[in-house]
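I opened a new notebook page for this structure.

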Amino acid sequence: MNTLGLLGICVALLIAFYYQLAKSELPCPLCLLQRAGLIIVGCGFLFNVRLGVKGAHYGMVLAGCVITGLIAVRQVFLHILPGDTGYGSAFFGLHFYTWALLASILIVLAVGVMLSLGDRELRTLKLPALSVLSKAVGVLFVILIAANLISTILECGTGQCEDDPVSYQLLEWTRR
């Protein structure tokens, strides 16, 4: 289940990067913070996969969900007025910040179920194929963390990120 959770976080970050790179939709500061919250969630799942299932790791997942959810709620409230088209493209009819809120709620519920199972049921099954998948997903996640760090530095430069970014500040600065 932790590998699937980590894979879900990777898919969410990959979709966000697709829109950022292929559709030139740079993430706003709130979007960047939501990505950071999802990375915290992913770290909790990764720690469970690599170090063994522990309540502290699930605590990290829950903390990341709360951070992501609160930031997403803030962004939803910014665009809740009638006639407001929202920020960025919609994905299956909902904006990414709405998806981030829904994902946070669903992950909290899933972790609640997993924690209610108890220690005996939380022990992981040692399957070779699952181990290979877990390692591959873990490597992908680490690459996505690095990619997010690099893209954020390029987008925001050394100062504050723009509210409605249209270009990478650091790349604009180097062209001058």
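Are Cys-156 and Cys-161 buried or exposed? I looked, and both Cys-156 and Cys-161 are buried. Buried means under 20% relative accessible area, exposed means over 50%, and partly exposed lies in between, with a 1.4 Å probe and protein chains only.

Before going on, I noted what I am reading. This is a predicted model, in which local features need pLDDT of at least 70, side-chain atom pairs count only at pLDDT 80 or more, and totals for chains, interfaces and linings use all residues. Residues are numbered from 1 along each chain as its sequence is written, and side-chain values use heavy atoms, with hydrogens and water left out.

**Cysteines**

I counted disulfides next. The structure holds 1 disulfide. My cut-off for the term is a pair of cysteine sulfur atoms within 2.5 Å. A disulfide is a covalent bond between the sulfur atoms of two cysteines. Cys-156 and Cys-161 form it, with their sulfur atoms 1.7 Å apart. The angle about the S-S bond is 100°, and the link of Cys-156 and Cys-161 is right-handed.

Cys-28 counts as buried because its relative accessibility is 5%. Cys-43 is in no disulfide either; its nearest cysteine sulfur, in Cys-10, is 10 Å away. I also put Cys-43 down as buried, because its relative accessibility is 19%.

**The whole chain**

I then stepped back to the fold. The protein chain has 7 helices and 2 strands. These are DSSP runs numbered from the N terminus: helices are H or I with at least four residues, strands are E with at least two. I read the order along the sequence as α-α-α-β-β-α-α-α-α.

I checked the overall size. The C-alpha trace spans about 55 × 40 × 25 Å along its principal axes. For 176 residues, a compact globule would have a radius of gyration near 16 Å, and the 17 Å of the protein chain agrees. That radius is taken over C-alpha atoms, and the globule rule is 2.2 Å times the number of residues to the power 0.38.

How much of the chain is buried? I found 35% of the 176 residues in that class. I also looked at contacts, meaning heavy atoms within 4.5 Å. Among contacts between residues at least 6 apart in sequence, 69% join residues at least 24 apart.

**Two loop residues with positive phi**

I found Ser-24 in the loop between helix H1 (2-21) and helix H2 (29-51). Ser-24 is not a glycine, yet has a positive phi of about 55°. Ser-24 is exposed, at 60% relative accessible area.

Phe-92 also has a positive phi of about 55° without being a glycine. I placed Phe-92 in the loop between S1 and strand S2 (94-95). Phe-92 is exposed, with a relative accessible area of 72%.

**Two more spots**

Where does Thr-85 lie? I traced Thr-85 to the loop between helix H3 (55-78) and strand S1 (90-91). Thr-85 is exposed, with 65% relative accessible area. From Thr-85 to Leu-21 I noted 64 residues in sequence and 22 Å in space, C-alpha to C-alpha.

My last stop was Leu-171, in helix H7 (residues 169-175). Leu-171 counts as partly exposed, at 33% relative accessibility.
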